[in-house]
Amino acid sequence: LLDASDDVLSNIYIAQLITEWKNAAASQCPQRRGRKRVTGGDYHRKLENLKSSGFFLHAPFHRKYYYHYKGSLTIPPCSDIVNWFVIEKPMKISKTQLQDLQTLISSYKNDKCELATYADSRGRVNRPLQKYQGQDIFMCDENDYSN
């Protein structure tokens with residue numbers, strides 16, 4: 001969950017995420033001649049992990065309270081293969097960062113550098129709410145972090 005506002009300064013974590021994502025996308029579909037193109041698998045691994053120079057995708061969620069459940073993809077084929085983690089309190093980001101994320105999502109390209117996003121022009125990717133199917137929902141709180 002993200003909370004974008006004009007009165008919020010740039011979130012350092014989100015700024016690094018955006019930079020890493022842009023770098024991964026640029027290496028996939030370089031605009032200039034002479035740049036080495038990574039293989040599609042490498043690109044998707046970069047997007048999934050976004051690890052470089054010590055960056056770790058899940059770092060800001062360490063010791064945060066969250067909900068976890070097993071669910072499905074929000075894009076076709078909508079397979080039940082996702083572990084969802086939803087933080088209890090939204091992360092505050094700037095409106096510019098929200099726009100950057102929307103642009104990255106809506107301009108996603110496949111291995112052939114063709115536009116391949118399921119998002120609309122505002123970067124929204126979702127499907128209608130699904131009926132609850134009895135899956136367990138776990139909550140992580142302060143009791144899970146006490147040592």
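User: Is S94 buried or exposed?

Analyst: Buried means under 20% relative accessible area, exposed means over 50%, and partly exposed lies in between, with a 1.4 Å probe and protein chains only as cover. S94 counts as buried because its relative accessibility is 10%. This is a predicted model, in which local features need pLDDT of at least 70 and side-chain atom pairs count only at pLDDT 80 or more, while totals for chains, interfaces and linings use all residues. Residues are numbered from 1 along each chain as its sequence is written, and side-chain values use heavy atoms, with hydrogens and water left out.

User: In which element is S94 found, and which residues does S94 touch?

Analyst: S94 is found in strand 4; helices (H or I, at least four residues) and strands (E, at least two) are DSSP runs, numbered from the N terminus. Contact means heavy atoms within 4.5 Å. Not counting residues up to four places away in sequence, S94 touches A4, S5, V8, L9 and S10. The C-alpha atoms of S94 and S10 are 5.2 Å apart in space, although the two residues are 84 apart in sequence.

User: Which polar contact joins the side chains of Q97 and S10, and at what distance?

Analyst: A polar contact is a pair of N or O atoms within 3.5 Å; within protein, one must be able to donate a hydrogen and the other to accept it, and residues adjacent in sequence count only if both atoms are side-chain atoms. The side chains of Q97 and S10 are joined by a polar contact of 2.8 Å. Q97 belongs to helix 3 and counts as buried, because its relative accessibility is 4%. The backbone nitrogen of Q97 also lies 3.1 Å from a polar atom of the S94 side chain. Beyond its neighbours within four places in sequence, Q97 is in contact with S10, N11, I14, A15 and I18.

User: Which residues make up the largest nonpolar core?

Analyst: In soluble globular proteins, nonpolar side chains tend to be buried together. A nonpolar core is a set of buried Ala, Val, Leu, Ile, Met, Phe, Trp, Tyr and Cys residues joined through side-chain atoms within 4.5 Å. The largest one has 10 residues: Y13, I14, L17, I18, W21, I87, M91, I93, L101 and L104. Two or more residues come from each of helix 1 (12–28), strand 4 (91–94) and helix 3. Helix 1 gives the most, with 5 residues. As for I18, its contacts outside four places in sequence are Q97, D100, L101 and L104.

User: How many salt bridges are found in the whole structure?

Analyst: Side chains of opposite charge can pair when their charged atoms come close. A salt bridge is a side-chain nitrogen of Lys or Arg within 4 Å of a carboxyl oxygen of Asp or Glu. The search finds 2. D3 and K92 form a salt bridge through their side chains at 3.1 Å, N to O. This pair links distant parts of the chain, since D3 lies in strand 1 (residues 2–5) and K92 in strand 4, 89 residues apart. D6 forms a salt bridge with K95, with the closest N and O atoms 4.0 Å apart. Here D6 is in the loop between strand 1 and helix 1, and K95 is in helix 3. D6 counts as exposed at 65% relative accessibility, whereas K95 is partly exposed at 40%.
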